[in-house]
Amino acid sequence: MELKWSILIKLLIVQYLSVLCVSQDFDFFYFVQQWPGAYCDTKHTCCYPKTGKPAADFGIHGLWPNYKDGSYPSNCDPDSVFDKSQLSEIMSSLQKDWPSLSCLSSNGNRFWSHEWEKHGTCSESELDQREYFEAALKLKEKVNLLQILKKAEIVPDDGFYSLDSVVEAIKEAVGFTPGIECNKDSAGHSQIYQIFLCVDTSGSEIIECPVLPKGRCASNVQFAKF
């Protein structure tokens, strides 16, 4: 009898922890866009999607739940698998605004599946799978980084621009300080790679970042051609 009770209690604990993990709270999202020129201009190779070369524009990398201390939850619900059938009405927008540049060439499903299962499942207390991807697309539409930078005469021409001018251009347009992550190409140039904006837990409103990522950027950064 004691053995049965022990097994039952253990099962209840496992179920409780599972539910707790799925519904765990988070403090904000990082909305991350990446510049394809910098992605492809590293020592690593890049491959265009099967739909062809993406437009010379920032593409979505992800919408990542985060904590104010800089840590983040991940892979919160192993039972919530990526289901592309839920995204049929927004598939063309995903292909345009959230393209995969990893090799081998793909239709994007592997990329989106990774983002949902690692990050999206940790926001299920707020957004279901369809809402998660729609939220990212709406944020991309709301914040046109390329146009913001072009307006400040910061253009992807392989030229170098002060990091402060990049930050200020985005802050002036959006109202909040962005995080800038840089990479280094084979020549050692510090390049604009990813731009982080912080978003509230509803996935809709941009907010001031509680913590900014460490971007490893030089004081002058290259805006690579694509």
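## Contacts, cores and ring pairs in a predicted model

Beyond its neighbours within four places in sequence, Lys50 is in contact with Ser105, Ser106 and Asn107. The model is a predicted one. Lys50 belongs to the loop between helix 2 and strand 2. Its relative accessibility is 65%, so Lys50 counts as exposed. From Lys50 to Gly108 the C-alpha to C-alpha distance is 8.6 Å, while 58 residues separate the two in sequence.

Tyr48 is in the loop between helix 2 (36-40) and strand 2 (59-66). The ring pairs of the structure number 13. One of them joins Tyr48 to Phe226, which lies in the segment after strand 7 (220-222), and the two residues are 178 residues apart. Tyr48 has a relative accessible area of 34% and is therefore partly exposed. Phe226 is also partly exposed, because its relative accessibility is 23% and buried means under 20%.

The geometry of both pairs is listed below.

| Aromatic pair | Centre to centre | Angle between planes | Class |
|---|---|---|---|
| Tyr48 and Phe226 | 6.0 Å | 85° | edge-to-face |
| Phe82 and Phe133 | 6.0 Å | 70° | edge-to-face |

Phe82 is located in the loop between strand 2 and helix 3 (91-97), and Phe133 in helix 5 (residues 129-142), so this pair ties together parts of the chain that are 51 residues apart in sequence. Phe82 and Phe133 are both buried, whereas Tyr48 is partly exposed, as is Phe226. Phe82 and Phe133 also belong to a cluster linked by ring pairs, together with Trp98, Trp116 and Tyr132.

The largest nonpolar core has 48 residues, and the members that touch the most others are Leu94, Trp98, Phe133, Val166, Ile170 and Phe223. Leu94, apart from its neighbours within four places in sequence, is in contact with Leu87, Pro99, Trp112, Phe133 and Leu137. A second core is separate and has 7 residues, including Phe28, Tyr30, Cys198 and Cys209. As a general matter, nonpolar side chains in soluble globular proteins tend to be buried together.

Methods. Residues are numbered from 1 along each chain as its sequence is written. This is a predicted model: local features need pLDDT of at least 70, side-chain atom pairs count only at pLDDT 80 or more; totals for chains, interfaces and linings use all residues. Side-chain values use heavy atoms; hydrogens and water are left out. A nonpolar core is a set of buried Ala, Val, Leu, Ile, Met, Phe, Trp, Tyr and Cys residues joined through side-chain atoms within 4.5 Å. Buried means under 20% relative accessible area, exposed over 50%, partly exposed in between (1.4 Å probe, protein chains only). Contact means heavy atoms within 4.5 Å. Rings of Phe, Tyr and Trp (its six-membered ring) pair if their centres lie within 6.5 Å; planes under 30 degrees apart count as stacked, over 60 as edge-to-face and the rest as tilted. Helices (H or I, at least four residues) and strands (E, at least two) are DSSP runs, numbered from the N terminus.
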